[in-house]
Amino acid sequence: PSFSSDPRTQPGPSLREMPPKKVEPEEKLGPWALGRFTSNLKVGLVGMPNVGKSTLYNALSNCSIPAENFPFCTIDPNSTRVNVPDDRFDWLVDHHKPKSVVQPYLEIVDIAGLVKGAAEGAGLGNAFLSHIKAVDGIIHVMRAFDDPDVIHVEDRVDPVEDIEIITSELRNKDLEFMNMTKGKLDKDKQKAAQNPQMAKAHATETACVEKVIKWLEDGKEVRNGMDEWSTTDIDFLNKYQLLTAKPVIYVVNLKKKDYARKANKWLKKIHEWVMGHGGGVIIPFSGAFEAELQDVPEEGKAEYEKEQGMTSVLPKIIKTGFSTIHLIYFFTAGPDEVKAWCIRKGFKAPQAAGAIHTDFERGFICAEVMGFDTLKELGTESEVKAKGKYRQEGKTYTVEDGDVIFFKFNVTAAKKK
């Protein structure tokens, strides 16, 4: 018998011969994926009573931006906004000499001192914990100095024990919340079983809740479980907004002498505790020195720091606080204005455009992007274009920290239904 050589009449491969379907590995998300996806984020100063929290807050408040710079915005009495120091921003201002300048800022909230048993309502208890729930990152202030005139609430100085108390209270509150969530899910189980789709969603959430409860019961914080949480878990965690999911930096209050010599008996023990609890940034500071520096006129500050052999650590605390809550910024720059726009790490170009105006996001066409380092190295926008480094990016582009962007948009684009 003759066989056709026409490929159209040849039998196709059997199912057995078909290549296996490619399974895409699930993207592993970093700590930046936890938290509220908004640009209006805050950090809270947290600590036991009398550890130097208010001293630090007052020093930061002296760097604050006048309220009139934020029209139609009520700033909480225990909340302050401070400019984030950035050499790139300063370079752009110097380069363009614009008519208007808008620096990036960070909002800092002073939260009342926490005591043992807060999760059960001791001290300011629940009010304290609800204030922490409202911020996006935590600056743990610890006391590592003896002073008979400043009484510690536990009648001793032990910063490691302090941080253990605070972390346990936050964990206990999370556990209480998760057990309540589990109770509600158990109650709704029969109702969910009536519909296969609802039953599946119910089972998925229950599995996540049980996983998180076990993690907390083992004495671990949610933020330290990024290798454990799937993208589905992270979606649920962002719905729950747990206290131990919030990123943390540790600020240690030393007496002036210890701060000057950069030595204190507690620093090693604090470092060991932090490394054993997921790691983190530790910043020593001296509340006494920062308070004295606030009384020195601006023009005399540098001289006073030189005399004392110490420098203020406030700029470092502000910059670290900003990056800890996974904020980055992009710049819009020209002769009229140089402005830094705060966005969450991970924002795509249209979301970043929405930080300027909702119309920019709605009618997004493209983003024209220069990396700051490229612009600084080549000197001018025209030189960046000449070297082929001026890029047009679309909707899937993830904005990088320090991008200089010009957005193209069309406001006649139809609104989403």
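This note sets out, in numbered points, the main features of a predicted model.

1. Basis of the note. The model is predicted, and local features are reported only at pLDDT of at least 70, side-chain atom pairs only at pLDDT 80 or more, while totals for chains, interfaces and linings use all residues. Residues are numbered from 1 along each chain as its sequence is written, and side-chain values use heavy atoms, with hydrogens and water left out.

2. The open sheet. An open sheet is built from 6 strands, in the order E2-E4-E1-E5-E6-E7, with mixed pairing. Strands and helices here are DSSP runs numbered from the N terminus (strands E, at least two residues; helices H or I, at least four), and two strands count as paired if DSSP finds at least two bridges between them. The edges are held by strand E2 (79–83) and strand E7 (281–285); each has a single partner strand, so one side of each has no neighbour in the sheet. On average, neighbouring strands of this sheet are turned by 25° against each other, direction ignored. Such angles come from axes, which are lines fitted to C-alpha atoms, for helices over the stretch in contact; angles between N-to-C directions run from 0 to 180 degrees.

3. E2 pairs with strand E4 (residues 105–110) in the antiparallel sense, over 5 bridges. Within this pairing, Val82 stands opposite Leu106 of E4, and Asn83 has Tyr105 in E4 as its bridge partner. Although E2 is an edge strand, 4 of its 5 residues are buried. Buried means under 20% relative accessible area, exposed means over 50%, and partly exposed lies in between (1.4 Å probe, protein chains only).

4. The nonpolar cores. The largest nonpolar core holds 69 residues, and Leu56, Leu106, Ile108 and Ile139 touch the most other members. A nonpolar core is a set of buried Ala, Val, Leu, Ile, Met, Phe, Trp, Tyr and Cys residues joined through side-chain atoms within 4.5 Å. Beyond residues up to four places away in sequence, Leu106 touches Val43, Thr80, Arg81, Val82, Val84, Ile318, Gly321, Phe322 and Ile325. Contact means heavy atoms within 4.5 Å. Another core, of 20 residues, lies apart from the largest one; Val209, Ile213, Leu237 and Tyr240 are among its members.

5. Helices H5 and H6. Helix H5 (residues 196–217) packs against helix H6 (residues 231–240) at an angle of about 75°, with the axes 10 Å apart. The two helices are therefore roughly perpendicular to each other; angles under 35 degrees count as roughly parallel, over 145 as roughly antiparallel, 65 to 115 as roughly perpendicular and the rest as oblique. From H5 the contact involves Thr204, Glu205, Cys208, Val209, Lys211 and Val212, and from H6 it involves Thr232, Asp233, Phe236, Leu237, Lys239 and Tyr240.

6. A buried glutamate. Glu221 is located in the loop between H5 and H6. Its relative accessibility is 2%, so Glu221 counts as buried. Leaving out residues up to four places away in sequence, Glu221 touches Thr167, Arg171, Trp215, Thr244 and His277.

7. Salt bridges. The structure holds 22 salt bridges, each defined as a side-chain nitrogen of Lys or Arg within 4 Å of a carboxyl oxygen of Asp or Glu. One of them joins Glu176 and Lys173 (3.3 Å, N to O). These two are 3 residues apart in helix H4 (residues 159–192), which means that about one helical turn separates them. Glu176 is partly exposed at 36% relative accessible area, whereas Lys173 is buried at 18%.

8. A salt bridge between strands. Lys408 and Glu368 also meet in a salt bridge (3.0 Å, N to O). This pair links distant parts of the chain: Lys408 lies in strand E12 (residues 403–409) and Glu368 in strand E10 (residues 364–371), 40 residues apart. Lys408 is partly exposed, with 34% relative accessible area, while Glu368 is buried at 10%.

9. Ala352. Helix H12 (residues 349–356) contains Ala352, which is buried with a relative accessible area of 0%. Apart from neighbours within four places in sequence, Ala352 is in contact with Phe330, Ile343, Phe347, Val399 and Phe407. Ala352 and Phe407 are 55 residues apart along the chain, and their C-alpha atoms are separated by 9.6 Å.
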